[in-house]
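Have a look at the picture first.

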Amino acid sequence: MSANEHILVIARTLELQGQEPSVALIKARLSKPMPLPAIIKGLQQYKAMPEDAKARISVTATQVVAPAQQEAEDELTVLRRELAELRLQVQELQARVTDLEGQD
């Protein structure tokens with residue numbers, strides 16, 4: 001798949017996810033860095049395409065689902081880290097309460 005085709009697939013995937021394709025969103029989903037002028041050119045080409053041509057762009061189900069799954073996994077990672085921090089805070093507070101109770 002050429003670089004331009006890759007940009008068109010990403011733009012189509014974004015549209016199928018209900019997002020407006022943009023340079024920033026496309027750049028974030030690229031598997032390897034690409035020059036900004038190439039991204040802009042590909043996006044302009046995509047936006048100029050008629051709907052039937054857009055519909056012919058091959059997008060696999062994993063390309064549509066994978067970003068949502070990645071976002072869920074990222075959120076889960078953040079929640080696990082926050083939970084670990086909260087557990088540590090609870091332990092520290094319990095130790096302080098124990099110390100304060102012992103001062104009576």
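**Helices and salt bridges**

Helices α1 and α3 are oblique to each other. This is a predicted model, where local features need pLDDT of at least 70, side-chain atom pairs count only at pLDDT 80 or more, and totals for chains, interfaces and linings use all residues. Residues are numbered from 1 along each chain as its sequence is written, and side-chain values use heavy atoms, leaving out hydrogens and water.

Q: At roughly what angle do the axes of α1 and α3 cross?
A: Helices here are DSSP runs (H or I, at least four residues), numbered from the N terminus. Axes are lines fitted to C-alpha atoms over the stretch in contact, with angles from 0 to 180 degrees between N-to-C directions. The axes come within 9 Å, and they cross at roughly 55°.

Q: Is arginine 12 buried or exposed?
A: Buried means under 20% relative accessible area, exposed over 50%, and partly exposed in between (1.4 Å probe, protein chains only). Arginine 12 has 13% relative accessibility, so this residue counts as buried.

Q: Which lysine forms a salt bridge with glutamate 15?
A: A salt bridge needs a side-chain nitrogen of Lys or Arg within 4 Å of a carboxyl oxygen of Asp or Glu. Here the closest N and O atoms are 3.8 Å apart, and the partner is lysine 54.

Q: Which glutamate in helix α4 lies 3 residues from lysine 54?
A: That spacing is about one turn of the helix. The two also form a salt bridge, at 3.5 Å between the closest N and O atoms. The residue is glutamate 51.

Notes:
Helix = DSSP H or I, 4+ residues; strand = E, 2+ residues; numbered from the N terminus. Parallel < 35°, antiparallel > 145°, perpendicular 65-115°, else oblique.
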